[in-house]
Each structure stands twice: as C-alpha cells, then as structure tokens.
Amino acid sequence: MRPLKQSKLKAKENLSLKLTEKSRKQMRKELRKQKKVNRLIYSKNKHKLSTCVNVEFDKIVETKDNETNYCNEVTNKTVNVHKKLKRYTRDIKKQEFEEPEFKKRNKKCELLKEANLKEDKVIKKLEKQLKLNKRKKKTIPKSFVTDGLDCILSILLSKIKFDSSYKKNFKNVPMIASKSKKIKLTRIIKADNININDKDVWEDIYGRKRDKEGNIIYNTNRYIPPAVQKVIMHDINLYDEKLISLKKQLKGCLNRITEHNVYNISNQVETMYMTNSRNNMNNILSELVLESLVSDVITPDRLISEYMMLIAILHANIGIEVGANFVEKLVKRFFDAMEKLQDITKKELDNIVLIISHLYNFKIFGNKLLYQILNKLMIKFTEKEIELILLILKTVGFSLRKDDPNALKEFIKSVQLKASNENGKNSRIKFMLEILLALKNNNFNKIPQYDPSHVEHLKKIIRNVIRKGNTITQFNVSLEDLLYAHENGKWWIIGSAWSDLNNMNSKVNTKENNKFNFGEKILRLAQKQRMNTDIRKNIFCILVTAEDYLDAFEKLHHLGEIIHVLIHCCLQENKFNPYYAVLAQKLCEYNRKYQLTIQYNFWDKLKTLDIYDNKQLINLAQLLSHLFIEKCLSLSILKIIQFTELDRQTMKFLRQIILGILLHENERSCMQVFERFCISSQLQSFRESLRLFINCFIMKNIYSYYILDEQKIMLKERIELVNKILILNEFKIKF
C-alpha cells in the first residue's frame with residue numbers, strides 16, 4: 001500500500017510543476033486549438049480513428065498552423081460581408097427617401113402639363129366660337145375693340161412679354177411653379193389691412209371677431225396653415241355661388257309677376273324660403289324689389305301694387321319677418337335719399353313713397369308709421385316734400401280717414417297752419433289744400449285720377465291666395481323703432497333681442513295705472529287659482545266676466561300668456577265647457593303662434609299626467625279633440641307618446657281623445673283628422689302604432705263602453721274606415 005501512495009504523490013507533484021510552468025490562459029488556448037484539430041481530424045479520417053491517435057507531434061503542430069490560417073480567412077470574409085451589407089442598407093434607405101420626392105416632382109410636373117393642355121383645349125374651343133382660329137392676322141379684331149376688350153388683352157400681352165424676358169425657357173415654367181413653396185395666395189380678410197374701430201368689431205357665438213358688415217376678421221399674428229386656408233376659401237366661394245344662383249332664381253320669379261300668376265310665384269318663393277336661409281332670402285328679396293322699382297324715372301303704379309301684393313302674401317304665409325325686413329330697409333332708403341339734395345325731376349323718392357303707401361293699403365303696417373312720415377315731410381315743406389305729401393294723400397288718404405279720422409284732422413290743421421305762413425302764390429300748396437278739403441269732406445270726385453278699384457281687386461286676390469288660417473298680421477311699429485333697430489333691436493320679430501331704454505322710466509307709471517276694474521270676489525278667485533302675475537290675473541278676470549267668446553277674444557288677443565290661463569280654467573271646470581274650446585279655436589285662426597303655444601303646453605302636460613284626476617283628463621281630451629276636428633291642430637302632435645311604454649293615465653287620455661274624434665257628428669270632418677297627417681312619409685311609425693292602438697284598445701273593448709248601440713255600430717264602421725285610410729297611405733308612400 002505504501003509504494004502505491006508514494007507513486008500517486010509523485011505524479012501529483014509532477015503535474016503541479018507542469019501547471020506552474022504554463023499559465024492558465026495558455027492552457028486554455030492550447031485546449032481550444034487541440035479541440036479544433038481533433039474536429040478536423042475526425043472529419044477527415046472517420047474510418048481511420050485508430051491510426052489518427054498515434055500521429056507524431058510535428059504533424060499535429062503543422063495542422064494547428066494550417067487551422068489558424070483557415071480561421072483567419074473566414075473571419076476576414078465575414079467582416080467584408082458585414083461591410084457590404086451596411087453599404088447596401090444605406091443605399092436602399094437613400095433610394096427610399098429620394099424616390100417619393102422624385103415621384104412627387106414628376107407627378108406635379110405631369111399635373112401641370114395636363115392642366116396646360118386642358119387650358120389649350122379650352123382656348124381652342126373659345127377661338128372656334130369667336131371664329132379667331134381662321135384669322136391670319138395676329139392683330140386684335142374690331143369686335144373686341146367695340147366691346148372694350150382691347151385694353152384687357154393689351155395688359156395680358158404686356159404681362160406675358162415681361163415674364164418671358166425673365167424666363168428664357170418658357171417650357172420650364174411648371175417646374176419652377178412646383179418648386180416655389182413660398183408663394184401662397186390668400187384672400188382672407190386681415191385685421192391690419194382693414195381700418196376698423198373697436199366699436200364696429202363684435203364677437204359671434206363661436207368667439208370669432210366680425211366687422212360691422214358681418215365679415216370674419218382673422219388675426220395676422222395667428223398662423224393659419226395652407227390646408228385650413230384652402231378650406232376657408234372653398235367655403236367662401238361655395239357660399240358666394242349659392243347666393244348668386246339664389247338671386248338669379250328669385251329675380252326670374254319677380255320678373256314674371258302679374259295678378260294672374262301670383263299664386264304660382266308665391267308658392268315657388270315659399271319653397272325657396274323652406275330650402276334656404278331666411279335671412280338670405282329676406283335680404284335678397286328686398287334688394288331685388290328695390291332695384292326693380294326704385295329709380296330716377298317714375299315706375300307705373302300698377303307694377304308697384306303687384307309687387308307689394310306678393311310681399312303681402314309672403315308676409316301672411318311665411319311670417320311677419322318678411323314684411324318687417326322689407327319695410328325696415330325701405331324706410332332707411334327713404335331717409336338716406338331725403339338727406340341728399342334732390343331735383344324735382346328725379347322720381348326716386350316718389351317711387352319709395354308709392355311703395356310705402358301700397359304696403360299700408362295691404363295692411364302690412366299700421367297708420368302710426370305713415371303719420372310720422374307725413375309729419376317729417378311737413379317739417380321741410382319744400383316743393384319736393386309737398387309733392388310727396390300729395391302723392392301719399394292721393395293713394396292712401398281715404399283709408400287713413402277710415403282708420404284714424406282724428407289723427408287726419410290734426411294733420412290737416414297743422415298743414416293749413418304751415419301753408420298760411422308760406423306764400424299763398426305757390427300753386428302746389430293750393431292744390432294740396434284742395435285735396436285735404438276733399439278728404440275732410442269725404443269727396444272722391446274732387447281728387448283727380450283717383451281709382452281704388454284696382455287695389456280692391458288685388459285685395460280680393462290676396463284673400464284667395466293666402467292659406468286658410470293665415471292672415472296679414474299688421475305690426476304697429478314706429479319710425480324710431482325702424483331707424484334705430486340696429487341699436488335697440490327688433491321687438492316685432494319673435495326671438496330677437498330688444499332693449500328699450502326710453503320706456504324704462506315709464507314702467508313705474510304703467511304699473512300704477514294697471515289697476516283692475518273687477519270685483520273683489522273675482523280677484524280673490526284669481527288668487528285661489530294661483531294667478532300670481534298681473535297679466536294672468538287680468539286674463540283670468542276677462543275670461544270669467546266675458547259675455548261670450550267674441551267679447552273675450554277682442555279683449556284678450558293683444559295680451560300674452562292667454563293659453564296657459566285658458567287651459568288652466570278649462571281643467572278646473574266640473575264638466576267640460578265648450579266656451580274655452582271655441583275661444584282657443586278663434587285664437588288659433590287669428591294667429592299661428594297660439595297653435596304652437598297650445599302644442600307646447602300640451603306636451604308639458606303629458607309629462608305630468610299623473611297629477612291630474614279623471615275629470616281634468618276628460619276636459620283636456622275634449623278640448624284637444626275639438627281643436628283636432630276644427631283643423632286648428634294636427635293629430636301628429638301625439639307622435640311624442642311612446643306607444644310601447646303606455647301607462648294607465650296616458651292610455652285613458654288617448655282613448656278619450658280618439659273616441660271624441662270618432663264619435664263626432666260629422667263623418668267627413670272626422671276622417672279628415674286622420675287624412676291630414678297621413679300625407680307625410682316621416683310619420684309612418686306613428687301611423688302604424690296609432691292603428692295598433694285603435695285596433696287593440698278601442699275595437700276590442702267597444703262593448704264595455706257606456707254608449708248607445710247605434711254609436712257602437714257607428715264606431716265600428718269608422719274604425720274600419722280609419723284603418724283603410726292609414727293602410728292605403730302607407731302603401732302609397734312605399735310605392
């Protein structure tokens with residue numbers, strides 16, 4: 001055992017000596033080299049593994065050297081490949097970056113060339129049309145000289161020559177235009193270029209600054225990108241084009257107007273009002289009418305009366321803003337012309353005065369405005385003013401006498417006093433005084449060329465053309481209201497702002513004067529019914545104390561909040577009182593605004609039907625069914641009811657309304673209620689749901705109602721007729 005241990009110790013000592021001779025790094029390198037050599041040997045001599053073990057050390061060393069050379073060659077090749085790859089990627093990236101720019105340039109060039117070719121084609125077409133392609137001479141033709149186009153062509157030719165002197169190659173023009181990115185054509189209004197006062201500038205609801213005329217002002221400090229500029233310019237151009245086409249269309253209608261085709265033209269203008277902005281339509285209409293009627297030469301009275309007839313029809317059918325806008329612009333034009341020094345030969349003011357007087361003939365505005373104009377003319381009292389007063393008195397004198405005879409008396413007295421101060425030799429003043437005396441004595445024969453028959457004939461035509469339920473609402477506006485409308489606002493147009501500073505002090509006096517002349521019992525009753533405001537108290541007392549519906553209508557139609565009090569009183573009755581229904585009908589026929597207020601009031605009541613008891617629901621249902629039958633309201637106002645989610649109260653209420661309509665005495669008026677709303681295609685779902693409701697909740701429960709057997713049979717027949725009307729109209733719309 002001992003000799004073995006000794007031999008092991010010696011071997012370890014020898015190994016440690018060998019290790020100390022070589023460092024660890026060297027040993028690792030040798031090992032790696034040895035591994036590589038072994039791999040090569042193994043690959044070359046697979047079938048001679050036994051012989052490769054006893055190869056000499058020198059041969060092994062040689063193979064080691066060869067291997068190192070081989071490895072170096074491989075590494076060099078890989079490095080070269082990596083370098084080539086990097087160069088290749090750089091080249092690809094450069095091509096990717098440069099190719100789209102190159103393509104863009106080429107595209108721009110192609111587009112510009114195409115545009116130039118198109119322009120050349122258009123020029124050739126125009127040359128053919130003008131017969132310039134056959135001309136051998138290059139001079140400007142005589143036809144151009146006569147039309148005054150020679151100067152424009154000379155300017156253009158000089159400009160082309162100027163450009164060609166700076167650009168030698170004219171073919172490269174499109175390329176130059178595509179490269180120049182700094183040139184930007186903008187037509188936007190800038191704040192620096194326009195001298196605008198701070199008072200004239202105002203902000204709209206979107207925070208944009210606008211000038212007095214309504215143009216948008218853009219700040220030069222703010223950067224507007226080219227894309228936004230293009231959009232703005234495109235919108236402006238589109239808006240201008242629409243206005244121009246609208247103007248042409250309306251002018252065509254106005255040029256064809258006569259008393260025979262007024263109905264067709266008024267319908268065409270109404271459709272234009274429905275499809276376009278009302279503000280634009282009002283402005284264009286007044287502009288075109290004034291252009292065609294107001295000139296230095298006097299226009300025929302018949303033509304003016306026909307134009308004013310159209311405005312009166314539109315004023316009634318479309319709304320009060322049509323006539324109001326036209327009168328406002330007309331009065332402003334009149335006073336602008338009055339400020340200028342005018343010759344007696346020029347007839348601009350005469351035409352305006354004729355238009356004003358015919359508007360008064362058709363009752364668009366009241367006599368208050370006309371008397372104020374007459375008083376303004378009387379202040380100067382020159383030859384021109386006297387002529388204008390005579391013209392007004394000839395055309396409108398007798399209608400003024402009918403409307404307000406006391407005001408006419410006062411005016412005649414003031415004119416006579418003014419005439420006495422002037423020289424009596426003036427023939428115009430003498431003639432005017434004779435006409436005033438004729439008006440005072442109601443003598444038609446003394447006024448020369450006075451013939452009211454044509455105006456009366458036009459009034460009859462207006463009555464036939466105006467739709468049923470519409471009337472010419474006369475607005476009693478003063479001269480100050482029209483002249484200072486831009487400052488105070490337009491109280492006569494619904495929804496517009498108005499601030500009357502002059503009447504602020506007079507409010508206290510009016511409150512003191514508004515004392516009721518009713519008994520204490522009625523006033524206590526009004527307090528019990530929660531009529532808190534003075535207007536509501538007044539309306540309530542008038543409703544209760546009126547002799548009949550006509551007396552109530554005459555007292556109430558000029559007051560506000562009528563409908564609210566009327567419906568409240570109707571609901572408080574123990575049994576339904578038809579007095580309220582007839583009064584509501586009269587108000588709806590007088591003005592359309594009462595129809596809308598009833599509709600909105602009913603929609604508010606629908607939200608709170610749970611509050612009302614059976615008695616109140618029956619009263620409300622009977623009131624509405626009366627208005628439906630009398631064509632004051634359409635049954636389509638029930639479209640807001642959700643038939644899929646009906647509660648008990650709404651079901652009762654709906655049943656009462658439909659039974660009230662179907663059990664009416666007149667069958668024709670009953671069927672017309674359903675025919676009226678079947679025309680529009682937008683109410684198809686409402687028609688279907690109403691038909692289902694009638695069949696499910698009324699038809700099935702006919703025998704449960706406490707009505708006579710004859711009424712039950714009649715109800716069945718009418719339900720069948722209603723079903724036919726609703727189904728037939730559905731198929732017509734689909735077809």
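Buried means under 20% relative accessible area, exposed means over 50%, and partly exposed lies in between, with a 1.4 Å probe and protein chains only. Keep those classes in mind for each stop.

This is a predicted model, in which local features need pLDDT of at least 70, side-chain atom pairs count only at pLDDT 80 or more, and totals for chains, interfaces and linings use all residues. Residues are numbered from 1 along each chain as its sequence is written, and side-chain values use heavy atoms, with hydrogens and water left out.

**Stop 1**

Select glutamate 287 and lysine 247. Their side chains form a salt bridge at 2.8 Å, N to O. The term covers a side-chain nitrogen of Lys or Arg within 4 Å of a carboxyl oxygen of Asp or Glu. Glutamate 287 sits in helix H10 (residues 278-293) and lysine 247 in helix H8 (residues 226-255), so the pair ties together parts 40 residues apart in sequence. Helices here are DSSP runs (H or I, at least four residues), numbered from the N terminus. Glutamate 287 is partly exposed at 35% relative accessibility. Lysine 247 is partly exposed too, at 30%.

**Stop 2: from H10 to H12**

Stay on H10 and pick arginine 278. Its side chain meets that of glutamate 321 in a salt bridge of 2.3 Å, N to O. Glutamate 321 belongs to helix H12 (residues 320-339) and arginine 278 to H10, so this pair ties together parts 43 residues apart in sequence. Is glutamate 321 buried or exposed? Glutamate 321 is buried, with a relative accessible area of 18%. Arginine 278 is partly exposed at 35%.

**Stop 3: the core**

Now select Met308 and Leu359. They have the most contacts inside the largest nonpolar core, which has 91 residues. Such a core is a set of buried Ala, Val, Leu, Ile, Met, Phe, Trp, Tyr and Cys residues joined through side-chain atoms within 4.5 Å. H12 gives the most to this core, with 11 residues. Show the surroundings of leucine 359. Beyond residues up to four places away in sequence, leucine 359 touches Met308, Ile311, Phe326, Val327, Leu330, Ile364 and Phe365. Contact means heavy atoms within 4.5 Å. A second, separate core holds 75 residues, including Ile563, Ile598, Phe674 and Phe686.

**Stop 4: asparagine 367**

Go to helix H14 (residues 367-380), where asparagine 367 lies. Asparagine 367 is buried, at 18% relative accessible area. Which residues does asparagine 367 contact, leaving aside its neighbours within four places in sequence? They are Tyr360, Leu400, Asp403 and Asp404.

**Stop 5**

Select Lys347, Asp350, Lys384 and Glu387. Salt bridges link these four in a network. Next, find lysine 459 and glutamate 456, whose side chains meet in a salt bridge of 3.8 Å, N to O. The two are 3 residues apart in helix H18 (residues 453-465), which means a separation of about one helical turn. Both are partly exposed: lysine 459 at 21%, glutamate 456 at 39%. The structure holds 12 salt bridges.

**Stop 6: a surface patch**

Finish with Val122, Leu126 and Leu130. Together they make a nonpolar surface patch of about 270 Å². Patch residues have over 30% relative accessible area and no salt bridge; like charges are joined within 9 Å, and nonpolar side chains (Val, Leu, Ile, Met, Phe, Trp, Tyr) within 5 Å. Areas come from the Shrake-Rupley method with a 1.4 Å probe; for residues, only the protein chains shown count as cover. Valine 122 is in helix H4 (residues 57-130) and is partly exposed, at 47% relative accessibility.
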